[in-house]
Amino acid sequence: MAALAEAAAAPPRAGAGRLRAVLPVLSVVLALMAVWYLAAIPMNAREALTAAERAGAEIRGGSAAERAGRSALVLAALNPGPAVAGAWTQERPRLPAPHQVLAEFWASTVGEEVWGRRGLVQSGSFSNRSLIYHAGITLGATLGGFLIGSALGVLLAAGIVHNRAMDLSVMPWAIVSQTIPIVALAPMIVVVMNSVGVGGFWPKAVISAYLSFFPVVVGMVKGFRTPDREGLDLMRTWNATRAQVFWRLRVPSSVPYLFASLKIAVAAALVGTIVGELPVQRGGLGARMLAGSYYGQTVQIWAALLMAALLAALLVWAIGALERRVLRAMGTRP
Amino acid sequence: MADHAARMPRAAAPVIAAEGLDLVYRTADGPVHALRDVTLTVNRGEFVSFIGPSGCGKTTFLRCVAALETPTGGRLSVNGMSPDEARRARAYGYVFQAAGLYPWRTIEGNVRLPLEIMGYPRAEARERVARVLDLVELGGFARKYPWQLSGGMQQRASIARALAFDADILLMDEPFGALDEIVRDRLNEELLRLWDRTGKTTLFVTHSIPEAVYLSTRIVVMSPRPGRITDVIESPLPRERPLEIRESPDFLAVAHRVREGLRAGHGDL
C-alpha cells in the first residue's frame with residue numbers, strides 16, 4: 001500500500017492532488033472489502049462443506065449432523081480448501097461476497113431491468129424487481145415525510161423560542177416521542193391509518209416525519225437562540241417587534257444549525273420510510289428487503305441495502321450542496 | 001432673530017436629566033449596588049465621557065438611559081420623556097463595543113437594517129445609507145461584507161448604523177475599546193469631526209484617559225462599589241482639537257485631574 005501511495009504521489013501532475021484526496025478513501029474501501037471476503041469464508045463454510053461432501057470430497061470435523069454443533073470458524077480452519085473454494089459463489093450464501101452484491105445490484109438496476117427480458121426497453125415500465133422502481137417509491141415517501149417533519153420541527157422550535165409555556169411543555173414530549181422504538185410504533189401507524197382508508201404514501205410519510213422532526217426541533221431551538229444579548233439589545237434600541245427580531249436576526253443566524261439538523265433529519269426520514277414499508281408489501285426498499293428475507297435471498301437484501309445507502313448519501317449530499325449555495329448567497333466568508 | 005430666540009430655550013433644556021439614580025441588582029451573594037445616587041444633567045450638543053474602572057457603573061448608566069436597564073430608584077428623563085418612551089420614539093443610536101454587524105448583510109445592508117425596522121421608504125433609506133456611509137468615509141465599501149473589512153472599519157460602519165435614523169442622542173459604550181492605539185487615534189479624530197458636523201448629544205463610555213480628555217466637553221469620573229460619580233470636569237479645551245492638543249498644558253492638566261479623580265475613587269476602598 002505504501003509503495004502504491006508513493007507511486008501515485010510521484011508524478012507532479014495536476015491529477016496528483018485529487019488522487020491524494022481519493023487515496024485514503026480508496027484504502028479504507030479496499031480494507032473493508034478484504035475483511036468482507038475473509039468473513040464470508042467462515043460465514044458460508046457449512047453450506048460450502050456440505051456441497052463439497054456431496055460432490056465426493058473428504059471433509060474433516062465429523063458427519064454432517066456432528067458438524068452442525070461445531071463452530072463455523074473451526075470447520076473452516078479444518079477444511080480450508082473446500083471452505084474457500086465454495087465461499088464466494090453460492091446462490092444463497094449467508095454472507096454474500098461484494099462482487100455478488102454488485103452483480104445483483106447491476107442486474108436489478110440496469111442489466112436486467114433496463115435491457116433484460118422484463119426490462120424497461122422490452123416492457124415499457126420497471127418490473128417489481130427493479131431497485132430503481134423500489135427506490136423511487138421509498139424516495140417519494142422519504143421526501144414527503146422529511147418536508148412535513150422539518151416544517152413541523154421549525155414551527156415547534158419557533159414556538160418554543162417565543163412562548164414560555166411551549167418552552168416548558170413541548171420539549172419533554174418531543175424527547176418521549178423519540179424513546180418509543182419506531183419498529184414497535186410503525187406497524188400501529190400503518191394499521192390505524194389503513195383502517196381509516198389511508199394507505200400507501202401517507203403512513204410512511206407520517207412515520208418518517210415522526211423521526212425527522214426531532215433533530216430539527218433540537219437544532220433550530222439552539223439556532224434561534226444563537227443571537228447574543230448584544231444582538232438582541234441592539235434590536236431593542238431600535239424598538240424592533242418580535243416578528244422583526246425573528247425574521248431579521250433569529251432566522252438568518254440559525255441557518256448553519258438548520259442545515260446540520262436537516263442532514264440528520266433526512267437520514268432519519270429514510271430509515272422511517274423503510275421501517276414503514278416492512279409491514280406492507282406494496283413496494284419500496286423496505287418491502288424488497290423483507291421479501292428477500294422471506295425467501296432467503298440474501299444477495300437481494302444486500303443489493304437493496306446498498307441502494308438505501310446510496311439513496312441516503314445522495315440525499316445528504318443534496319442538502320450539503322443546497323447549504324453551500326445558501327451560505328454563499330448569504331455572503332459567508334469562503 | 002426669531003429663529004435664534006426659538007432655539008435658545010430648547011438648547012437650554014437638558015437632554016438627559018438623572019436625579020438620585022439608584023440601581024441595585026439582587027444576586028445570590030446579596031444586593032449589588034451598580035449605581036448609587038447618580039445625579040447628572042446633559043445639555044443638547046454636549047460630548048460627555050464616562051470614565052472609571054470596571055464595575056463603576058458607567059456602562060450601566062448608559063444602559064439606563066437607553067432603557068436597557070431599569071433603575072430601582074431616582075428619576076431619569078431623556079428628551080423630557082421616560083427612557084422607555086424615548087427608546088420607543090427612537091431618540092438615540094447605540095454603539096456597542098463589538099461592532100455587531102450581521103455577517104450575512106453587506107455594510108450597506110447593515111446600515112439599512114434600523115431603517116427597515118423603522119419602516120423608512122426604500123428611496124429615502126437608500127439616500128440615508130449613502131449619506132452616513134460617506135460621513136464615516138466608507139462610501140466605497142457599501143457592497144462589502146463585514147469580514148472583508150478591518151476592525152476599525154467595522155466599528156465605523158456600526159457608528160454609521162447608529163447615525164442612519166437621525167436620532168439626536170448618540171450613546172457609545174467603549175466603541176474603540178477593542179482597537180489598537182493607532183486606529184483608535186484616527187477614529188477619535190473622525191468622531192470629533194462627526195460630532196462637530198452633526199451636533200449630536202454624545203455620551204461616551206471609555207477606560208482611556210487620553211481618549212476621554214481629547215473628545216469631551218465634560219468628563220464624568222466614576223468609581224465602583226457602589227457605582228457613583230466622584231468628579232465632573234468641564235474641559236477648557238477649544239472645540240477645534242488637532243491631535244497635537246494632547247501635548248498642550250491644558251490637556252495635561254485635565255488628564256491629571258481625571259487621574260486624581262480615579263485615584264481618589266480607589267482610595268475609598
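Q: Where in chain A does Asn239(A) lie?
A: Asn239(A) lies in the loop that runs between α13 (229–237) and α14 (242–277) of chain A. The model is a predicted one.

Q: What makes the phi of Asn239(A) worth a remark, although it is not a glycine?
A: Most residues other than glycine have a negative phi. Asn239(A), which is not a glycine, has a positive phi of about 60°. Asp166(B) also has a positive phi of about 60° and is not a glycine. Asp166(B) is placed in the loop between α6 and β6 of chain B.

Q: Why is the peptide bond from Arg225(B) to Pro226(B) pointed out?
A: Most peptide bonds are trans. The bond from Arg225(B) to Pro226(B) is cis, and its omega is near -10°. Pro226(B) belongs to the loop between β8 and β9 of chain B.

Q: What makes Glu277(A) and Lys204(A) a salt bridge?
A: The closest N and O atoms of Glu277(A) and Lys204(A) are 3.2 Å apart. The cut-off is 4 Å between a side-chain nitrogen of Lys or Arg and a carboxyl oxygen of Asp or Glu, so a pair at this distance counts. Side chains of opposite charge can pair when their charged atoms come close.

Q: Which parts of the chain does the pair of Glu277(A) and Lys204(A) link?
A: Glu277(A) is in helix α14 of chain A and Lys204(A) is in helix α12 (residues 201–224) of chain A. The two residues are 73 residues apart and the pair links distant parts of the chain. Over all chains the rule counts 31 salt bridges.

Q: How many salt bridges does the rule find across the interface of chain B and chain A?
A: Four salt bridges cross the interface of chain B and chain A. One salt bridge joins the side chains of Glu69(B) and Arg229(A), at 3.5 Å from N to O. That value is within the 4 Å limit, so the pair passes the test. Between chain B and chain A there are also 10 residue pairs in polar contact.

Q: Which elements of chain B each supply at least two residues of the side that touches chain A?
A: They are α3 (83–88), β5 (92–95) and α4 (107–117) of chain B. The largest share, four residues, comes from α4(B). By kind, the residues on this side of chain B are 16 nonpolar, one polar and nine charged.

Q: How many residues does the contact take from chain B and from chain A, and what area is buried?
A: The contact takes 26 residues from chain B and 22 residues from chain A. About 2,200 Å² is buried between the two chains, and carbon and sulfur atoms give 56% of that area. Of the area that chain B buries against chain A, 32% is supplied by Trp104(B), Ile117(B) and Trp147(B), more than any other three residues supply.

Q: What makes the sheet of six strands in chain B mixed, and in what order do the strands come?
A: The strands come in the order β5-β6-β7-β3-β8-β9 in an open sheet, and their pairing is mixed. The strands β5 and β9 (228–234) of chain B each have a single partner strand, so they count as edges with one side left without a neighbour in the sheet. Direction ignored, neighbouring strands of this sheet are turned by 15° against each other on average.

Q: In which sense do β6 and β7 of chain B pair?
A: Strand β6 (residues 169–173) and strand β7 (residues 201–206) of chain B pair in the parallel sense over five bridges. Two bridges are enough for a pair, so these strands qualify. Asp173(B) stands opposite Val205(B) in β7(B).

Q: Which strands does helix α6 of chain B lie across?
A: Helix α6 (residues 151–163) lies across β5 and β6 of chain B, at about 165° to β5(B). Helix α2 (residues 58–65) of chain B lies across β3 (47–51), β5, β6, β7 and β8 (218–223), at about 150° to β7(B).

Q: What is the pairing in the open sheet of three strands in chain B?
A: The order is β2-β1-β4 and the pairing is antiparallel. Its edge strands are β2 (30–43) and β4 (73–78) of chain B, each pairing on one side only. Strand β1 (residues 14–27) of chain B pairs with β2(B) over 10 bridges. Ile16(B) has Val42(B) in β2(B) as its bridge partner.

Key. Residues are numbered from 1 along each chain as its sequence is written. Chains are lettered from A and ligands numbered from 1 in the order in which they are written. This is a predicted model: local features need pLDDT of at least 70, side-chain atom pairs count only at pLDDT 80 or more; totals for chains, interfaces and linings use all residues. Side-chain values use heavy atoms; hydrogens and water are left out. Contact means heavy atoms within 4.5 Å. Buried area is the accessible area (1.4 Å probe) that two parts lose on being put together, summed over both. A polar contact is a pair of N or O atoms within 3.5 Å; within protein, one must be able to donate a hydrogen and the other to accept it, and residues adjacent in sequence count only if both atoms are side-chain atoms. Ala, Val, Leu, Ile, Met, Phe, Trp, Tyr, Cys and Pro count as nonpolar, Asp, Glu, Lys and Arg as charged, and the others, Gly among them, as polar. Axes are lines fitted to C-alpha atoms, for helices over the stretch in contact, and angles run from 0 to 180 degrees between N-to-C directions.
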